[in-house]
Amino acid sequence: MRMRKRLVWTASGTAMGVPVSGALASGWNMPVGVTDLSRDIHGLHMAIFWICVVIGIVVFGALFYSLFRYRRSRGAKPSAFHEHTTVEVIWTIVPLLILVVIAIPATATLKSMYDASDADMEVMITGQQWRWRYEYRGEEVSFISSLATPREQIAGQQEKGEHYLLEVDRSLVLPVDRKVRLLLTSDDVIHSWWVPELGVKQDAIPGFVNENWVRINEPGIYRGQCAELCGRDHGFMPVVVEAVEPERFDAWLAERQAEAAEAAMGLDREWAMDELMARGEQVYGTICASCHQPDGSGNPPVFPALAGNQALLDDRERHIETVIDGIAGSAMPGFANTLDPAEIAAVITYERNAWGNEAGDTVQPSAIAERLAD
Amino acid sequence: MASHLPPKSTTQHSQPTSAGVAAEPHSPPGGLKRWLLTTNHKDIGTLYMLLSLAMFFIGGLFAMVVRAELFQPGLQLVEPEFFNQMTTMHGLIMIFGAVMPAFVGLANWMVPLQIGAPDMALPRLNNFSFWLLPVAFTLLLSTFFMPGGAPNFGWTSYAPLSTTYSPPSTTFFILSLHLAGISSILGAINIIATILNLRAPGMRLMDMPLFVWTWLITAFLLIAVMPVLAGVITMMLMDINFGTSFFNAAGGGDPVLFQHLFWFFGHPEVYIMILPAFGIVSVIIPTFARKPLFGYASMVYATASIAILSFLVWAHHMFTVGLPLVAELFFMYSTMLIAVPTGVKVFNWVTTLFRGSITFEPPMLFALAFVVLFTIGGFSGLMLAISPADFQYHDTYFVVAHFHYVLVPGAVFAIMAGVYYWLPKWTGHYPHLRLSQWHFWLSVIGVNLTFFPMHFAGLAGMPRRIPDYALQFADFNMITSIGAFLFGLSQLLFVVVVVMCVRGGEKAPARAWDGAEDLEWTVPSPAPLHTFETPPEFVPRQH
Amino acid sequence: MSGGSYYVPPSSKWPVLASLALGAMMVGTGTLLVFGVVGMPVMVVGLLAVLAVMTLWFRDVIHESRGGLYDAQMDRSFRWGMGWFIFSEVMFFAAFFGTLFYVRTFALPWLDGEGAKGVAALLWPDFTASWPLLEPPGEGIEGPRDVLSPWQLPLVNTLILVGSSITLTVAHEALKEGYRTTARHWLAGTVLLGLCFIVVQGVEYYEAYAHYGLTLQAGIYGATFFLMTGFHGLHVIIGTIILITILARVVRGHFSRDDHFGFEAAAWYWHFVDVVWIGLFTFVYVF
Ligand code: HEA
Ligand code: HEA
Ligand code: CUA
Ligand SMILES: [Cu+2]
């Protein structure tokens with residue numbers, strides 16, 4: 001009997017212990033993160049977790065004790081006691097006090113999360129179905145960041161890489177030790193920009209702007225995902241932040257600025273069909289394919305096919321207009337602010353000449369640039 | 001099957017005798033017509049329970065599709081588009097089709113019996129409330145066959161994904177929700193009128209069984225918030241079809257306004273799904289502990305406090321949408337407060353067990369599992385309430401784990417406890433003991449295997465509503481899926497038990513459980529179609 | 001709590017038919033909105049069926065009531081039922097009033113750069129908040145050219161509706177005193193005022209669309225304006241139909257001095273509609 005009892009206790013002890021110690025192992029628990037705030041949040045998380053564990057042990061302990069001790073099969077006779085004001089007052093007040101104890105640090109943490117003042121720099125983050133656009137405000141640098149995992153890996157035709165679904169073509173590069181104010185908005189539906197190790201999750205609401213901020217303590221690559229259901233490819237909208245030393249960041253930014261200036265120059269010249277098609281295929285693949293499908297077949301009735309869309313091929317003007325301005329009231333966004341003129345020209349050219357479409361004409365970046373200037 | 005259901009009474013007590021009433025046959029119609037045309041609260045209760053069971057299976061099937069797709073990383077079975085439809089419809093069907101109708105069904109059966117009333121206050125309206133539901137859910141399920149498929153924006157339907165960017169079927173989804181909403185409102189009105197007006201002579205409000213009390217308060221919540229849901233989905237309908245701009249900043253509206261209105265409904269809604277569960281458990285535990293509930297009055301006050309607080313906490317679902325700091329603080333504090341009255345309930349249950357004389361019949365097993373597992377779900381709820389931490393938890397599987405703990409081993413287990421508890425009253429037979437025990441243990445194991453690992457997946461960073469995930473979440477998901485299949489399959493046992501119990505089994509006396517005290521145990525088992533035609537004299541028990 | 005036996009109606013076909021009819025109406029409406037006019041006939045048939053079933057259902061209720069099957073306890077059930085139903089309607093309108101206040105006190109100032117969420121103005125540099133909102137933030141959305149003055153038709157309608165509440169109360173008092181004919185006249189007057197309200201509202205809508213550019217599509221002002229006045233108008237129409245039914249019953253001598261809950265329920269509803277209007281007049285038109 002004794003043996004058995006001890007066995008039961010050990011077994012249940014292990015049963016309790018394994019998940020608890022497991023929970024504290026990394027990969028099972030909330031990451032501590034690399035910002036002061038993420039550490040505070042983690043601290044709060046652990047504090048409330050342990051409080052719950054303790055309350056749980058007390059409550060469940062009393063419960064299982066009663067179940068065991070007052071079984072009828074053990075001959076327990078029911079007593080009829082009920083209502084006891086002191087006890088009731090105690091078990092109202094004590095939880096209340098516990099809550100106050102948690103509320104105090106929670107309030108402090110929340111206040112600092114809301115204080116985005118005195119930032120060293122600002123990044124505007126715009127969600128789009130299903131990618132992110134980053135704009136370093138006042139620096140003339142902006143780019144789009146979308147999923148880099150090949151479709152073959154998703155479909156299971158290729159071995160999945162280490163950072164499956166958490167890799168992008170261009171990451172957001174941020175300096176460490178500088179306070180970065182994040183401004184979030186969206187072009188279409190609500191998205192949510194989340195990087196667990198930065199302790200930042202903030203919704204991007206179309207038509208409104210949300211603020212948050214981050215000061216990263218350690219260089220590294222931090223991965224996250226869109227955290228608000230935003231349509232079909234919500235699961236394929238990762239965030240990757242590359243935190244680098246401030247000097248490296250400044251150099252990187254200068255490089256990007258030079259690149260942008262160069263791209264602006266390329267507008268004057270005449271682009272060849274091949275060149276446009278190559279660039280266009282790339283743009284189409286990262287941006288348009290999510291809705292219109294890689295083969296241009298769309299997903300009617302919501303997403304129209306572009307392949308074999310004769311009406312569209314016949315109306316070049318409408319094609320250009322649609323891509324620049326989008327179609328109001330539908331999921332089709334305008335790309336005037338998202339893509340540069342060369343990219344717009346290239347993708348239109350591509351659509352008009354790929355998948356058996358044979359418009360045969362090119363759309364020149366200079367023409368698009370002119371239209372955008374109006 | 002019909003022959004195993006409660007026998008029809010041969011004499012209709014209340015047949016209209018006076019002139020002017022449309023000629024009716026003197027006994028209620030038989031066969032299908034009996035069920036279509038019934039005004040009897042027990043028949044209608046049965047209909048609700050059957051509908052709920054069917055919906056539980058349909059919603060469960062959708063969950064199985066979700067779990068099968070998530071068994072491994074990568075896209076295997078379904079397209080992301082369809083996955084989103086599965087998630088959305090699973091949530092909608094489980095909430096509006098399985099849990100809510102189950103509680104209404106239990107109320108229909110048991111509230112009149114527990115207060116000594118001959119029927120519901122407005123019996124024809126009662127039947128109307130029921131039949132709206134099959135119509136509503138047929139319409140809802142038909143959206144699968146429309147171009148663009150079923151709703152795919154989550155049960156929370158956030159604008160503008162659910163307006164500008166939604167499939168054409170959304171309009172039908174809105175209209176079907178209107179029907180379900182009308183049903184809930186009318187059903188709730190009926191329950192309130194019954195409780196307030198039809199109690200047996202001598203029964204004061206503070207003498208009512210707690211199941212009745214919790215339903216009284218739930219009905220109030222329903223009437224207060226279902227119209228708000230109706231209002232907000234109407235605004236969706238107009239944004240979609242009439243070009244209004246309620247949820248569109250370009251016209252001066254705000255997508256976040258949708259969320260405020262939705263959660264003003266949505267949070268009380270989750271308590272609508274748990275308060276009757278509290279009631280059931282508060283009735284079952286004293287029965288099998290053979291000891292009165294420790295604090296009857298404080299249970300009533302706690303329930304009322306939870307209901308009142310539930311109107312003040314809605315934005316805890318919106319901590320990351322960018323609320324002003326004061327709002328964030330207010331909603332954090334108010335949400336945390338709910339732990340206090342809920343704690344009162346948990347402590348009461350435990351204290352009721354203390355120094356009782358406890359046995360472990362199937363209803364008691366489910367009720368006990370409820371106490372433990374609901375509390376775990378409540379703990380994670382409290383963690384979510386800590387706004388700064390919720391910035392990390394929000395929209396991850398940690399939330400999914402939280403709400404399944406309160407909903408599945410919470411609401412659903414309470415429903416099962418109630419069904420096991422009252423089956424003898426409904427059918428005259430005890431449910432098969434061995435099979436019930438198997439059902440219980442498989443369910444408990446399955447439910448924890450399914451939902452416990454979700455906490456870890458969420459903390460490790462897995463967002464919800466995604467059809468595919470990064471490799472580090474693979475193990476948790478596989479365990480969860482296995483648990484889900486186990487839990488799902490064990491529900492087939494439940495059906496077996498219920499069917500067997502309807503068809504036969506050990507005969508139950510009027511007082512089927514020796515510790516049971518309430519009025520329903522004074523009528524024969526199975527309860528005849530008409531009970532308490534003349535109100536019973538109620539003698540209050542000392543609480 | 002009375003001791004006697006409570007009236008439980010025999011089985012009835014109206015509830016099932018009512019839900020089918022309502023379902024048909026919803027299917028028709030949805031089809032009309034999504035797939036085009038093919039839905040129209042279904043919707044109309046559904047609506048007519050709903051009305052027909054309700055008529056027949058209420059006929060049964062009236063017969064039972066006339067047949068003396070309802071006791072005081074039943075009367076209380078009806079009272080609770082109607083009272084809570086009106087409460088649900090209150091909450092329905094509360095959602096709309098909440099919308100109005102939210103937009104005016106939070107959303108618009110934020111878009112204009114005011115308050116805690118003022119950063120939103122980054123996206124709408126040219127926008128200035130005002131109420132009534134004549135120029136919505138977005139390019140594509142045309143605001144109303146002007147808004148209706150509260151002191152013309154809306155004031156007339158306020159007087160009509162307040163007046164109708166008074167006439168209805170007079171009719172009720174008369175009924176309670178047993179003056180049937182007086183009651184009938186004042187009730188008929190109430191119905192007439194209800195009809196006047198509907199007509200005036202119709203004229204106002206016409207004006208709004210034809211001369212003011214105030215439409216459903218005219219930004220949030222148009223949206224809230226039509227949402228709130230529209231649902232209110234719908235309730236006036238329903239209320240008027242109820243009053244007409246009650247009038248017909250008064251004419252037939254259905255109500256007695258102390259047993260006329262049908263009348264009272266209609267009156268409660270009407271007063272509720274009136275109170276909502278006062279709210280609308282204040283917050284939609286005047287302020
Ligand atoms: C039956 C349904 C139900 C119930 C009862 C609850 C109960 C609670 N819920 Fe839950 N909740 C949901 C259903 C439910 N919830 C659903 C469906 C969602 C997700 C919706 C969606 O997005 O799809 C959700 C989401 C949700 C969120 C949003 C998370 C997010 O999206 O980021 C939050 C945040 O505060 C929350 C909090 C709580 C709290 C504090 C309680 C409290 O009521 C719990 C109180 C209970 C206890 C605390 C345990 C017992 C108490 C004691 C033993 C006393 C002592 C304890 C202490 C002092 C710690 N819930
Ligand atoms: C009361 C409500 C309720 C109930 C009972 C359940 C029950 C279950 N839920 Fe529920 N769930 C919700 C309410 C509920 N859920 C809500 C509101 C959401 C959010 C939706 C949203 O994001 O919009 C959600 C979301 C949700 C998700 C997240 C989806 C996502 O984010 O993409 C998952 C994932 O695992 C899940 C799983 C399950 C499982 C496995 C069960 C199981 O308990 C189900 C068990 C039942 C059965 C399986 C049916 C019976 C058995 C058979 C049909 C026999 C055949 C069985 C087999 C073949 C195995 N649910
Ligand atoms: Cu973007 Cu989810
Ligand atoms: Cu909530």
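I started at the copper ion (ligand 4): its protein donors are B:His267 (ND1), B:His316 (NE2) and B:His317 (NE2), at 1.9 to 2.1 Å. I note that this is a predicted model.

Is B:His316 buried or exposed? B:His316 has a relative accessible area of 14%, and the cut-off for buried is under 20%, so I log B:His316 as buried.

I then looked from the copper ion to the iron atom of ligand 1. I get 4.5 Å between the copper ion (ligand 4) and that iron atom.

Which residues coordinate the iron atom of ligand 2? I find B:His90 and B:His404, each through NE2, at 2.0 Å. I followed the pair along the chain. B:His90 sits in helix α3 (residues 80-115) of chain B, while B:His404 belongs to helix α14 of chain B. The two are 314 residues apart, so I record that the pair links distant parts of the chain. I find both B:His90 and B:His404 buried.

I went on to the geometry. The iron atom of ligand 2 has six donor atoms, and their angles run from 88 to 180 degrees. I therefore log the arrangement as octahedral. For reference, I keep in mind that the ideal angles for six octahedral donors are 90 or 180 degrees.

Where does ligand 1 lie? I place it between chains A and B. I count 32 residues around ligand 1. The closest are B:Tyr271, B:Asp390, B:His394, B:His402 and B:Arg464.

I sorted the shell by class: 19 nonpolar, 11 polar and two charged residues. Then I sorted by helix. In chain B, α7 (255-272), α11 (339-353), α12 (362-385) and α14 (397-427) each give at least two residues to the shell. Which helix supplies the largest share? I find α12(B), with seven residues.

Last, I listed contacts to oxygen atoms of ligand 1. A polar side-chain atom of B:Arg464 is 2.8 Å from one oxygen atom of ligand 1. On the backbone side, I have an N or O atom of B:Ala385 at 3.3 Å from an oxygen atom of the ligand. A polar backbone atom of B:Leu384 is 3.5 Å from an oxygen atom of ligand 1.

How values were computed: Residues are numbered from 1 along each chain as its sequence is written. Chains are lettered from A and ligands numbered from 1 in the order in which they are written. This is a predicted model: local features need pLDDT of at least 70, side-chain atom pairs count only at pLDDT 80 or more; totals for chains, interfaces and linings use all residues. Side-chain values use heavy atoms; hydrogens and water are left out. A residue is near a molecule or strand if one of its heavy atoms lies within 4 Å of it. A polar contact is a pair of N or O atoms within 3.5 Å; within protein, one must be able to donate a hydrogen and the other to accept it, and residues adjacent in sequence count only if both atoms are side-chain atoms. Helices (H or I, at least four residues) and strands (E, at least two) are DSSP runs, numbered from the N terminus. Ala, Val, Leu, Ile, Met, Phe, Trp, Tyr, Cys and Pro count as nonpolar, Asp, Glu, Lys and Arg as charged, and the others, Gly among them, as polar. Donors are N, O and S atoms within 2.8 Å of the metal (3.2 Å for Na, K and Ca); water is not among the atoms, so sites may look incomplete. Four donors count as tetrahedral if all angles lie between 85 and 135 degrees; four count as square planar and six as octahedral if opposite donors are over 155 degrees apart and all others between 65 and 115; anything else is irregular. Buried means under 20% relative accessible area, exposed over 50%, partly exposed in between (1.4 Å probe, protein chains only).
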